[in-house]
Amino acid sequence: MHGLERLRSVLRVAGSFIHSRWRLRFSDRRRLEAWQARQLQQFLRETAPQAPRLRAFRGQPLEYWPEMDKALLMNEFSACNSRGIELQAALDVALQAEHSRDFSPLLGELTVGLSSGTSGHRGVFLVGREERERWAGTLLARTLPTRLLGHLLPWREPLRIAFFLRANSRLYTTLSSRRIDFAFHDLLLGLDAALGELERQQPHVLVAPATVLRALADAHLAGRLHIAPEHLVSVAEVLEEEDAQRIEHAFGRRPAQIYQASEGFLGYSCERGNLHLNETHLLIEPEWLDQEQRRFQPLITDFSRTTQIIVRYRLNDILQLAPTPCPCGRAERTLAAIEGRADEVFWLPALDGSGLRPLYPDLLRRAVATAAAQLEQWRICQDGMDWHLQLQAEERVAAEAALREALATFFQQQQVQPATLHISDWLPDAPGAKRRRLLLQRKPEGAPCTY
């Protein structure tokens, strides 16, 4: 990148940072919704119709625009982006990066990413250069604690960030600059390969999936890792309370969260530690899953993206609203939890004969946690009325009876017919794979087809 281009890039990142951190902080919900309405109107009039599939809807209210999901986005890839990029061309770049572990190549000036495919379907996403720079500024603005802002000043030592993920991307390395020492650690190489570099860098900020942060915390407690990060951020996986407590015990700080997916930057932890939806850059339509209107699947429209157009895109995630507003005063909605994916909802017949009843991931995790708070690894697979519970051999004897009792109590509380439990040995995940506690292999007879 030439000097002038580098200056423009730095200015775009800085401008996005300042705009997102100080100008886009709303304490009044009505003002936030008015901002969203203005951004959405411009996006639907000027940007979204650049995708061929959406041109016919220019000027119409959002509710008349068609819904999208990952399958549609992949099947009509070129019609859903503003550059006319064909899926195979994007896949070629993404798969070459996956195989070579060199994530620097671009498609023209576009970053091509490949989602992890947690639900079994991998997705491709495109991000333009200016989008990358705006994203970097927004991410720093939303996630960097005030106490670390001084490292962005030219007379201070640079901010050191260590980042663990299955795959790198130009999207992430946009953060790297003279003021930010950004180090990517490839999870496919294993954690042991990263310990020496971590100690050399001594990161101020440590970003990783929850299971990786937990493993690094264990290494620290065992005396194999000597670092003192000032900020910890959990990404890519559900952060379970047991992991959060272990990480805080090791490093003295509770991990924050970033809710990021190939579909966009969806949420972030505030200074009070609560997770907020990134509603200054997204419009989120909740599809409620319960009568209390606490759990929902989000239908998102991202009015900050200009290359891969995201309009009324249904995420396969289950989000749970917090029962009370956050004390930080932000008007953006607060989440009690990212429970998991919609295909992790289990189903069992109700005792009153009213049909199948959903068993949400958060409730199941709590039932297991109350039985065995120190359980390191576990997984439940549902195959109709059979539940296969995987446990590590060394924990199986001590935990099996308590887990059977806890799940029997859970079935009774939920007023459902008990599943038949089968206990088997733990099968470890592939290196770099996201942790999945709950796997729905086969639905019971009569389960709704929407899940």
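**View 1. Strand 7 and strand 8 in this predicted model.** Strand 7 (residues 256–261) and strand 8 run antiparallel and are joined by four bridges, in a model that is predicted. The two strands form a hairpin, with two residues between them. Within this pairing, Tyr259 has Gly267 of strand 8 as its bridge partner. Strand 8 covers residues 264–269, and six of its six residues are buried, so this strand is largely enclosed by the rest of the structure. As background to this view, strands of a sheet pair through backbone hydrogen bonds, either parallel or antiparallel.

**View 2. Strand 8 and strand 9.** Strand 8 also pairs with strand 9 (residues 275–277), in the antiparallel sense and over three bridges. Tyr268 stands opposite His276, which belongs to strand 9. Five residues lie between the strands of this hairpin, and Gly273 takes a positive phi near 85° there.

View 3. Strand 17 (residues 378–383) and strand 20 run parallel and are joined by four bridges, and Ile380 stands opposite Leu438, a residue of strand 20.

**View 4. The surroundings of Arg365.** Arg365 has its place in helix 10 and is buried, with a relative accessible area of 11%. When its neighbours within four places in sequence are left aside, the residues in contact with Arg365 are Val238, Glu240, Glu339, Gly340, Glu344, Trp378 and Arg437.

**View 5. The largest nonpolar core.** This core has 48 residues, of which Val124, Val311 and Leu335 touch the most other members. Helix 2 (residues 29–47) gives the most to the core, with five residues. Which residues is Val311 in contact with, leaving aside its neighbours within four places in sequence? They are Phe43, Ala48, Leu54, Leu62, Trp65, Pro66, Met68, Ile300 and Thr301. Apart from this core lies another, of 23 residues, with Leu139, Leu159, Phe182 and Phe265 among them.

**View 6. Cysteines without a disulfide.** The structure holds zero disulfides.

**View 7. The salt bridge of Arg254 and Glu241.** Arg254 forms a salt bridge with Glu241, and the closest N and O atoms are 2.6 Å apart. Arg254 lies in the loop between helix 9 (241–251) and strand 7, while Glu241 lies in helix 9, so the pair ties together parts that are 13 residues apart in sequence. Arg254 is partly exposed, with a relative accessible area of 42%, and Glu241 counts as partly exposed at 36% relative accessibility.

View 8. Glu285 forms a salt bridge with Arg312, with 2.9 Å between the closest N and O atoms. Glu285 lies in strand 10 (residues 282–288) and Arg312 in the loop between strand 11 (295–302) and strand 12 (313–314), so the pair ties together parts that are 27 residues apart in sequence. Glu285 is partly exposed, with a relative accessible area of 22%, whereas Arg312 is buried, with a relative accessible area of 10%. The side chains of Arg314 and Glu287 also meet in a salt bridge (2.8 Å, N to O). This pair links distant parts of the chain, with Arg314 in strand 12 and Glu287 in strand 10, 27 residues apart.

Note on methods
Residues are numbered from 1 along each chain as its sequence is written. This is a predicted model: local features need pLDDT of at least 70, side-chain atom pairs count only at pLDDT 80 or more; totals for chains, interfaces and linings use all residues. Side-chain values use heavy atoms; hydrogens and water are left out. A nonpolar core is a set of buried Ala, Val, Leu, Ile, Met, Phe, Trp, Tyr and Cys residues joined through side-chain atoms within 4.5 Å. Buried means under 20% relative accessible area, exposed over 50%, partly exposed in between (1.4 Å probe, protein chains only). Contact means heavy atoms within 4.5 Å. A disulfide is a pair of cysteine sulfur atoms within 2.5 Å. Two strands pair if DSSP finds at least two bridges between them. A salt bridge is a side-chain nitrogen of Lys or Arg within 4 Å of a carboxyl oxygen of Asp or Glu.
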